[in-house]
Amino acid sequence: MLINAEPLCRFVTEIFLSAGAAQAAAKETADHLVLANLKGHDSHGVGMVPTYVGNIGRGNLDPSAHMAVRRDTGAVVLADGCFGFGQVVGREAADLAIARARETGLVCVGLRNAHHLGRIGTYAERCAEAGLVSVHFVNVVGHDPLVSPWGSRERRLQTNPFCVAVPRDGDSPIVLDMATSAIAMGKVRVAYMSGKAVPDGALLDHDGMPTTDPRTMFEAPRGALGPFGTYKGYGLALMCELLGGGLAGEWTMQPGHERIGTVVNNMLMFVLDPRAFGGHEAFQREVLAMVDYVKGAAPRNGFDRVRIPGEPEREAMAKRSAEGIPIDDNSWQAVLEAARQAGMGEDAIRTGVGNRDG
Ligand code: NAD
(Lines give C-alpha, C1' and ligand atoms only; values in the text may rest on other atoms or scores of the structure.)
Protein backbone atom coordinates (compact mmCIF):
# COMPACT_ATOMS: atom_id res chain seq x y z
CA MET A 1 0.00 0.00 0.00
CA LEU A 2 1.24 3.51 -0.88
CA ILE A 3 0.18 6.52 1.22
CA ASN A 4 0.89 10.18 0.52
CA ALA A 5 2.78 12.08 3.19
CA GLU A 6 0.35 14.93 3.76
CA PRO A 7 -2.81 12.92 4.55
CA LEU A 8 -0.71 10.48 6.55
CA CYS A 9 0.55 13.40 8.72
CA ARG A 10 -3.04 14.54 9.23
CA PHE A 11 -4.24 11.06 10.17
CA VAL A 12 -1.39 10.43 12.64
CA THR A 13 -1.91 13.92 14.13
CA GLU A 14 -5.57 12.97 14.71
CA ILE A 15 -4.49 9.75 16.46
CA PHE A 16 -2.22 11.64 18.86
CA LEU A 17 -4.92 14.27 19.47
CA SER A 18 -7.35 11.48 20.36
CA ALA A 19 -4.72 10.02 22.70
CA GLY A 20 -4.64 13.30 24.63
CA ALA A 21 -1.87 15.34 22.98
CA ALA A 22 -2.22 19.07 22.26
CA GLN A 23 -2.37 20.15 18.60
CA ALA A 24 1.25 21.40 18.34
CA ALA A 25 2.80 18.30 19.97
CA ALA A 26 0.56 15.93 17.98
CA LYS A 27 1.48 17.60 14.67
CA GLU A 28 5.20 17.88 15.46
CA THR A 29 5.40 14.19 16.38
CA ALA A 30 3.35 13.09 13.37
CA ASP A 31 5.45 15.24 11.00
CA HIS A 32 8.67 13.80 12.45
CA LEU A 33 7.50 10.19 12.01
CA VAL A 34 6.25 10.75 8.46
CA LEU A 35 9.51 12.54 7.57
CA ALA A 36 11.36 9.41 8.74
CA ASN A 37 9.19 7.37 6.35
CA LEU A 38 9.86 9.85 3.56
CA LYS A 39 13.61 9.55 4.22
CA GLY A 40 13.38 5.77 3.85
CA HIS A 41 13.52 4.89 7.58
CA ASP A 42 10.24 3.03 8.05
CA SER A 43 11.78 1.67 11.24
CA HIS A 44 11.31 5.14 12.77
CA GLY A 45 8.18 6.19 10.93
CA VAL A 46 4.47 5.74 11.58
CA GLY A 47 5.09 2.10 12.51
CA MET A 48 6.02 3.57 15.93
CA VAL A 49 2.49 4.98 16.45
CA PRO A 50 1.20 1.86 18.29
CA THR A 51 4.17 2.05 20.70
CA TYR A 52 3.55 5.76 21.37
CA VAL A 53 -0.20 5.33 21.90
CA GLY A 54 0.41 2.29 24.12
CA ASN A 55 2.93 4.21 26.21
CA ILE A 56 0.52 7.16 26.63
CA GLY A 57 -2.14 4.68 27.81
CA ARG A 58 0.25 3.04 30.28
CA GLY A 59 1.39 6.43 31.63
CA ASN A 60 4.95 6.02 30.26
CA LEU A 61 4.65 8.94 27.81
CA ASP A 62 3.31 12.31 28.96
CA PRO A 63 1.95 13.96 25.80
CA SER A 64 1.88 17.40 27.44
CA ALA A 65 5.44 17.40 28.86
CA HIS A 66 8.13 19.88 27.82
CA MET A 67 11.87 19.97 28.38
CA ALA A 68 12.99 21.38 31.75
CA VAL A 69 16.53 22.68 32.39
CA ARG A 70 17.95 21.05 35.52
CA ARG A 71 21.44 22.59 35.54
CA ASP A 72 23.01 25.31 33.39
CA THR A 73 26.68 26.21 33.66
CA GLY A 74 26.92 28.03 30.33
CA ALA A 75 28.72 25.63 28.04
CA VAL A 76 27.14 22.59 29.72
CA VAL A 77 23.40 22.19 30.15
CA LEU A 78 21.53 19.29 31.71
CA ALA A 79 17.92 19.05 30.55
CA ASP A 80 15.11 16.68 31.43
CA GLY A 81 12.68 15.47 28.79
CA CYS A 82 10.17 14.63 31.55
CA PHE A 83 9.00 11.58 29.52
CA GLY A 84 7.41 13.85 26.92
CA PHE A 85 7.26 13.14 23.19
CA GLY A 86 10.92 12.83 22.16
CA GLN A 87 10.09 14.78 19.03
CA VAL A 88 9.03 17.78 21.16
CA VAL A 89 11.64 17.70 23.94
CA GLY A 90 14.40 16.71 21.50
CA ARG A 91 13.63 19.72 19.31
CA GLU A 92 13.49 21.95 22.40
CA ALA A 93 16.93 20.65 23.49
CA ALA A 94 18.31 21.24 19.98
CA ASP A 95 16.93 24.80 19.94
CA LEU A 96 18.50 25.51 23.33
CA ALA A 97 21.83 24.12 22.06
CA ILE A 98 21.66 26.20 18.87
CA ALA A 99 21.03 29.44 20.76
CA ARG A 100 23.79 28.69 23.28
CA ALA A 101 26.38 27.58 20.69
CA ARG A 102 25.91 30.91 18.90
CA GLU A 103 26.96 32.65 22.14
CA THR A 104 29.67 30.30 23.42
CA GLY A 105 30.95 28.63 20.23
CA LEU A 106 30.42 25.20 21.81
CA VAL A 107 27.77 23.69 24.02
CA CYS A 108 27.22 20.24 25.44
CA VAL A 109 23.58 19.50 26.23
CA GLY A 110 22.56 16.36 28.05
CA LEU A 111 18.92 15.42 27.57
CA ARG A 112 17.60 12.71 29.86
CA ASN A 113 14.22 10.96 30.09
CA ALA A 114 13.00 11.69 26.58
CA HIS A 115 10.40 9.27 25.28
CA HIS A 116 11.64 7.78 21.96
CA LEU A 117 13.47 10.54 20.03
CA GLY A 118 12.80 8.88 16.68
CA ARG A 119 15.27 9.72 13.90
CA ILE A 120 18.23 11.45 15.56
CA GLY A 121 19.15 13.03 12.21
CA THR A 122 16.16 15.37 12.61
CA TYR A 123 17.87 17.21 15.49
CA ALA A 124 21.26 17.18 13.76
CA GLU A 125 19.68 18.63 10.60
CA ARG A 126 18.12 21.41 12.68
CA CYS A 127 21.58 22.32 14.01
CA ALA A 128 23.10 22.12 10.52
CA GLU A 129 20.38 24.39 9.10
CA ALA A 130 21.57 26.93 11.68
CA GLY A 131 25.13 26.54 10.29
CA LEU A 132 26.32 24.44 13.26
CA VAL A 133 28.07 21.10 13.56
CA SER A 134 26.55 18.56 15.98
CA VAL A 135 27.52 15.20 17.46
CA HIS A 136 24.96 13.01 19.25
CA PHE A 137 25.53 10.00 21.51
CA VAL A 138 22.21 8.35 22.39
CA ASN A 139 21.24 5.31 24.46
CA VAL A 140 17.91 3.51 24.72
CA VAL A 141 16.48 2.21 28.00
CA GLY A 142 13.18 1.22 29.59
CA HIS A 143 12.93 -2.25 28.09
CA ASP A 144 15.00 -5.40 27.82
CA PRO A 145 18.27 -5.28 25.87
CA LEU A 146 18.31 -6.50 22.27
CA VAL A 147 21.90 -6.23 21.06
CA SER A 148 24.79 -8.53 21.94
CA PRO A 149 28.22 -7.16 22.82
CA TRP A 150 30.90 -8.37 20.36
CA GLY A 151 31.91 -11.86 21.38
CA SER A 152 28.58 -12.85 22.97
CA ARG A 153 25.21 -14.24 21.89
CA GLU A 154 23.46 -12.66 24.87
CA ARG A 155 21.65 -9.32 24.83
CA ARG A 156 23.20 -6.53 26.88
CA LEU A 157 22.79 -3.32 24.83
CA GLN A 158 20.28 -1.47 22.72
CA THR A 159 20.51 -0.13 19.18
CA ASN A 160 22.08 3.09 20.59
CA PRO A 161 22.15 5.61 17.72
CA PHE A 162 25.14 7.83 16.93
CA CYS A 163 24.86 10.87 14.70
CA VAL A 164 27.09 13.64 13.34
CA ALA A 165 26.02 16.40 10.94
CA VAL A 166 28.09 18.98 9.09
CA PRO A 167 26.43 21.95 7.38
CA ARG A 168 27.18 22.57 3.72
CA ASP A 169 26.85 25.85 1.82
CA GLY A 170 24.31 25.72 -0.98
CA ASP A 171 23.41 22.08 -0.36
CA SER A 172 21.94 19.68 2.21
CA PRO A 173 24.08 18.90 5.25
CA ILE A 174 26.21 15.78 5.49
CA VAL A 175 24.41 13.58 8.03
CA LEU A 176 25.81 10.36 9.41
CA ASP A 177 22.89 8.98 11.42
CA MET A 178 22.99 5.33 12.38
CA ALA A 179 22.05 2.65 14.83
CA THR A 180 25.13 0.98 16.33
CA SER A 181 23.44 -2.41 15.89
CA ALA A 182 24.01 -4.19 12.58
CA ILE A 183 20.59 -2.84 11.53
CA ALA A 184 18.00 -0.74 13.38
CA MET A 185 15.58 -2.86 15.48
CA GLY A 186 12.69 -1.16 13.69
CA LYS A 187 14.01 -2.64 10.43
CA VAL A 188 13.83 -6.11 12.01
CA ARG A 189 10.25 -5.24 13.07
CA VAL A 190 9.35 -4.12 9.52
CA ALA A 191 10.85 -7.37 8.11
CA TYR A 192 8.92 -9.43 10.73
CA MET A 193 5.66 -7.62 9.95
CA SER A 194 6.09 -8.14 6.21
CA GLY A 195 7.36 -11.75 6.44
CA LYS A 196 10.76 -10.94 4.91
CA ALA A 197 14.32 -11.98 5.80
CA VAL A 198 16.83 -9.46 7.16
CA PRO A 199 20.28 -9.07 5.56
CA ASP A 200 23.03 -11.58 6.39
CA GLY A 201 25.17 -10.88 9.42
CA ALA A 202 22.64 -8.88 11.47
CA LEU A 203 21.10 -11.53 13.75
CA LEU A 204 22.23 -14.42 15.93
CA ASP A 205 19.81 -17.16 16.90
CA HIS A 206 19.41 -18.58 20.42
CA ASP A 207 22.45 -20.81 19.90
CA GLY A 208 24.61 -17.94 18.67
CA MET A 209 24.40 -19.03 15.02
CA PRO A 210 23.88 -16.42 12.26
CA THR A 211 20.30 -16.20 10.97
CA THR A 212 18.30 -13.97 8.61
CA ASP A 213 14.94 -14.88 10.23
CA PRO A 214 13.51 -11.84 12.12
CA ARG A 215 11.33 -14.16 14.26
CA THR A 216 14.37 -14.81 16.44
CA MET A 217 13.90 -11.30 17.91
CA PHE A 218 10.16 -11.71 18.62
CA GLU A 219 9.47 -15.40 19.27
CA ALA A 220 11.04 -17.90 21.71
CA PRO A 221 13.69 -19.13 21.83
CA ARG A 222 15.04 -15.62 21.29
CA GLY A 223 18.38 -14.67 19.76
CA ALA A 224 20.06 -11.28 19.56
CA LEU A 225 20.81 -8.43 17.18
CA GLY A 226 24.55 -8.08 16.60
CA PRO A 227 26.55 -4.82 16.68
CA PHE A 228 27.58 -3.25 13.35
CA GLY A 229 31.24 -3.52 12.37
CA THR A 230 32.23 -6.23 14.87
CA TYR A 231 34.11 -4.88 17.92
CA LYS A 232 34.29 -1.29 16.60
CA GLY A 233 30.53 -0.93 16.40
CA TYR A 234 30.18 -2.61 19.76
CA GLY A 235 32.70 -0.10 21.19
CA LEU A 236 30.73 2.85 19.79
CA ALA A 237 27.47 1.38 21.17
CA LEU A 238 29.10 1.12 24.59
CA MET A 239 30.26 4.77 24.37
CA CYS A 240 26.66 5.83 23.53
CA GLU A 241 25.59 3.90 26.62
CA LEU A 242 28.23 5.50 28.84
CA LEU A 243 27.92 9.09 27.52
CA GLY A 244 24.26 9.39 26.47
CA GLY A 245 23.08 7.01 29.19
CA GLY A 246 25.66 7.21 31.97
CA LEU A 247 26.61 10.90 31.86
CA ALA A 248 23.50 12.65 30.54
CA GLY A 249 20.82 10.21 31.65
CA GLU A 250 22.26 8.45 34.70
CA TRP A 251 20.29 5.55 33.24
CA THR A 252 22.06 2.79 31.36
CA MET A 253 21.03 -0.73 30.42
CA GLN A 254 22.69 -2.24 33.52
CA PRO A 255 20.18 -4.41 35.43
CA GLY A 256 19.95 -2.10 38.47
CA HIS A 257 17.27 -0.17 36.56
CA GLU A 258 13.69 -1.33 36.19
CA ARG A 259 12.61 -2.34 32.66
CA ILE A 260 8.93 -1.55 32.36
CA GLY A 261 8.55 -1.99 28.60
CA THR A 262 8.76 1.67 27.54
CA VAL A 263 11.25 3.36 25.16
CA VAL A 264 13.33 6.14 26.69
CA ASN A 265 16.27 7.88 25.03
CA ASN A 266 19.06 9.77 26.79
CA MET A 267 21.19 11.95 24.54
CA LEU A 268 24.52 13.73 24.98
CA MET A 269 24.76 16.34 22.23
CA PHE A 270 27.74 18.56 21.36
CA VAL A 271 26.89 21.54 19.15
CA LEU A 272 29.64 23.81 17.86
CA ASP A 273 29.91 26.89 15.71
CA PRO A 274 32.58 26.67 12.97
CA ARG A 275 33.06 30.43 13.31
CA ALA A 276 34.74 29.77 16.67
CA PHE A 277 37.50 27.97 14.74
CA GLY A 278 39.00 29.25 11.49
CA GLY A 279 35.66 30.68 10.35
CA HIS A 280 32.75 29.57 8.25
CA GLU A 281 34.37 30.13 4.84
CA ALA A 282 37.59 28.27 5.56
CA PHE A 283 35.61 25.30 6.91
CA GLN A 284 33.20 25.25 3.98
CA ARG A 285 36.07 25.42 1.47
CA GLU A 286 37.45 22.19 2.91
CA VAL A 287 34.03 20.55 3.30
CA LEU A 288 33.02 21.22 -0.31
CA ALA A 289 36.42 20.26 -1.77
CA MET A 290 36.65 17.07 0.30
CA VAL A 291 33.13 15.99 -0.59
CA ASP A 292 33.89 16.59 -4.29
CA TYR A 293 37.09 14.57 -3.94
CA VAL A 294 35.35 11.63 -2.28
CA LYS A 295 32.40 11.67 -4.66
CA GLY A 296 34.78 11.79 -7.64
CA ALA A 297 36.20 8.36 -6.78
CA ALA A 298 35.46 5.76 -9.48
CA PRO A 299 32.67 3.35 -8.47
CA ARG A 300 33.61 -0.24 -7.74
CA ASN A 301 31.76 -3.24 -9.14
CA GLY A 302 28.08 -3.27 -8.20
CA PHE A 303 27.91 0.45 -7.36
CA ASP A 304 26.70 3.28 -9.60
CA ARG A 305 28.58 6.03 -7.73
CA VAL A 306 29.94 7.14 -4.37
CA ARG A 307 27.42 8.75 -2.02
CA ILE A 308 27.96 10.77 1.12
CA PRO A 309 26.07 10.17 4.38
CA GLY A 310 22.60 11.69 4.17
CA GLU A 311 22.36 11.23 0.41
CA PRO A 312 20.39 7.95 0.44
CA GLU A 313 17.79 9.68 2.65
CA ARG A 314 17.47 12.57 0.17
CA GLU A 315 17.04 10.12 -2.70
CA ALA A 316 14.36 8.22 -0.77
CA MET A 317 12.61 11.47 0.05
CA ALA A 318 12.49 12.58 -3.59
CA LYS A 319 11.05 9.20 -4.64
CA ARG A 320 8.55 8.82 -1.79
CA SER A 321 7.38 12.44 -2.01
CA ALA A 322 6.50 11.76 -5.65
CA GLU A 323 5.19 8.18 -5.42
CA GLY A 324 3.93 7.83 -1.82
CA ILE A 325 5.16 5.96 1.25
CA PRO A 326 4.95 2.14 1.14
CA ILE A 327 3.43 0.58 4.27
CA ASP A 328 2.93 -3.15 4.71
CA ASP A 329 -0.55 -4.38 5.67
CA ASN A 330 0.40 -5.64 9.14
CA SER A 331 2.02 -2.33 10.11
CA TRP A 332 -1.00 -0.42 8.77
CA GLN A 333 -3.45 -2.62 10.68
CA ALA A 334 -1.41 -1.94 13.85
CA VAL A 335 -1.69 1.84 13.18
CA LEU A 336 -5.48 1.50 12.76
CA GLU A 337 -5.68 -0.51 15.99
CA ALA A 338 -3.69 2.24 17.74
CA ALA A 339 -6.21 4.80 16.41
CA ARG A 340 -9.04 2.77 18.03
CA GLN A 341 -7.03 2.43 21.24
CA ALA A 342 -6.51 6.22 21.23
CA GLY A 343 -10.27 6.61 21.17
CA MET A 344 -10.89 7.53 17.50
CA GLY A 345 -14.31 6.43 16.30
CA GLU A 346 -14.72 4.14 13.27
CA ASP A 347 -16.14 7.02 11.21
CA ALA A 348 -13.15 9.24 11.94
CA ILE A 349 -10.80 6.36 11.13
CA ARG A 350 -12.64 5.65 7.86
CA THR A 351 -12.50 9.34 6.92
CA GLY A 352 -8.80 9.55 7.78
CA VAL A 353 -8.00 6.35 5.91
CA GLY A 354 -10.26 7.28 3.02
CA ASN A 355 -8.37 10.53 2.60
CA ARG A 356 -4.97 8.92 2.60
CA ASP A 357 -4.31 9.43 -1.10
CA GLY A 358 -5.65 12.95 -1.30
P1 NAD B 1 21.17 3.24 7.77
O2 NAD B 1 22.00 2.03 7.99
O3 NAD B 1 20.13 3.18 6.72
O4 NAD B 1 22.12 4.49 7.43
C5 NAD B 1 23.17 4.85 8.31
C6 NAD B 1 23.95 6.02 7.73
O7 NAD B 1 24.67 5.58 6.60
C8 NAD B 1 23.07 7.19 7.25
O9 NAD B 1 23.69 8.39 7.63
C10 NAD B 1 23.08 7.04 5.72
O11 NAD B 1 22.96 8.30 5.06
C12 NAD B 1 24.44 6.45 5.50
N13 NAD B 1 24.49 5.68 4.27
C14 NAD B 1 23.65 4.66 3.91
N15 NAD B 1 24.03 4.17 2.70
C16 NAD B 1 25.12 4.89 2.31
C17 NAD B 1 25.96 4.86 1.16
N18 NAD B 1 25.77 4.00 0.16
N19 NAD B 1 26.96 5.74 1.10
C20 NAD B 1 27.18 6.65 2.09
N21 NAD B 1 26.43 6.72 3.20
C22 NAD B 1 25.41 5.85 3.32
O23 NAD B 1 20.50 3.72 9.14
P24 NAD B 1 20.18 2.85 10.45
O25 NAD B 1 21.43 2.49 11.15
O26 NAD B 1 19.24 1.78 10.06
O27 NAD B 1 19.39 3.93 11.34
C28 NAD B 1 18.11 4.37 10.91
C29 NAD B 1 17.57 5.42 11.80
O30 NAD B 1 17.26 4.86 13.05
C31 NAD B 1 18.47 6.60 12.12
O32 NAD B 1 17.77 7.77 11.79
C33 NAD B 1 18.70 6.54 13.64
O34 NAD B 1 18.75 7.82 14.28
C35 NAD B 1 17.46 5.82 14.06
N36 NAD B 1 17.59 5.13 15.35
C37 NAD B 1 16.96 5.68 16.43
C38 NAD B 1 17.00 5.03 17.65
C39 NAD B 1 16.32 5.60 18.84
O40 NAD B 1 16.33 4.99 19.89
N41 NAD B 1 15.71 6.76 18.76
C42 NAD B 1 17.70 3.82 17.76
C43 NAD B 1 18.35 3.32 16.65
C44 NAD B 1 18.27 3.97 15.44
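Predicted model: local features only at pLDDT ≥ 70, side-chain atom pairs only at ≥ 80, totals over all residues.
**Helix H4 and its neighbours**

Gly86, Gln87, Gly90, Arg91, Ala94, Asp95 and Ile98 in helix H4 meet Tyr123, Arg126 and Cys127 in helix H5. Sorted by class, this contact holds 4 nonpolar, 3 polar and 3 charged residues.

H4 covers residues 86-104, and H5 covers residues 121-129. Their axes come within 10 Å and cross at roughly 30 degrees. Angles under 35 degrees count as roughly parallel. H4 and H5 are therefore roughly parallel to each other. Their crossing is right-handed.

Helix H2 spans residues 23-38, and the axes of H2 and H4 come within 8 Å. How do these two axes cross? They cross at roughly 90 degrees. That makes H2 roughly perpendicular to H4. On the H2 side, the residues in this contact are Ala25, Glu28, Thr29, His32 and Leu33. On the H4 side they are Gln87, Val88 and Arg91. The classes here are 3 nonpolar, 3 polar and 2 charged residues.

Now move to a loop. Leu61 sits between helix H3 (49-57) and strand S2 (68-72). Is Leu61 buried or exposed? Leu61 has a relative accessible area of 2%. The cut-off for buried is under 20%, so Leu61 is buried. Leaving aside residues up to four places away in sequence, Leu61 touches Tyr52, Asn55, Ile56, Phe83, Gly84, Phe85 and His115. Take Phe85 from that list. Leu61 and Phe85 are 24 residues apart along the chain. Their C-alpha atoms are separated by 6.8 Å.

Step back to the whole chain. Its secondary structure comes to 11 helices and 12 strands. Along the principal axes, the C-alpha trace spans about 60 × 50 × 45 Å. What radius of gyration would a compact globule with 358 residues have? The value would be near 21 Å; the protein chain has 20 Å, which agrees. Of the 358 residues, 52% count as buried. Contacts across the sequence complete the view. Among contacts with a separation of 6 or more, 67% come from residues 24 or more positions apart.

Notes:
Residues numbered from 1 in each chain as written. Heavy atoms only, no water. Axes fitted to C-alpha atoms, helices over the stretch in contact; angles between N-to-C directions. Helix = DSSP H or I, 4+ residues; strand = E, 2+ residues; numbered from the N terminus. Parallel < 35°, antiparallel > 145°, perpendicular 65-115°, else oblique. Left-handed = near helix turned anticlockwise from the far one by under 90°. Contact = heavy atoms within 4.5 Å. Nonpolar A, V, L, I, M, F, W, Y, C, P; charged D, E, K, R; others polar. Rg over C-alpha atoms; globule rule 2.2 N^0.38 Å. Buried < 20%, exposed > 50% of the residue type's maximum accessible area, 1.4 Å probe, protein only.
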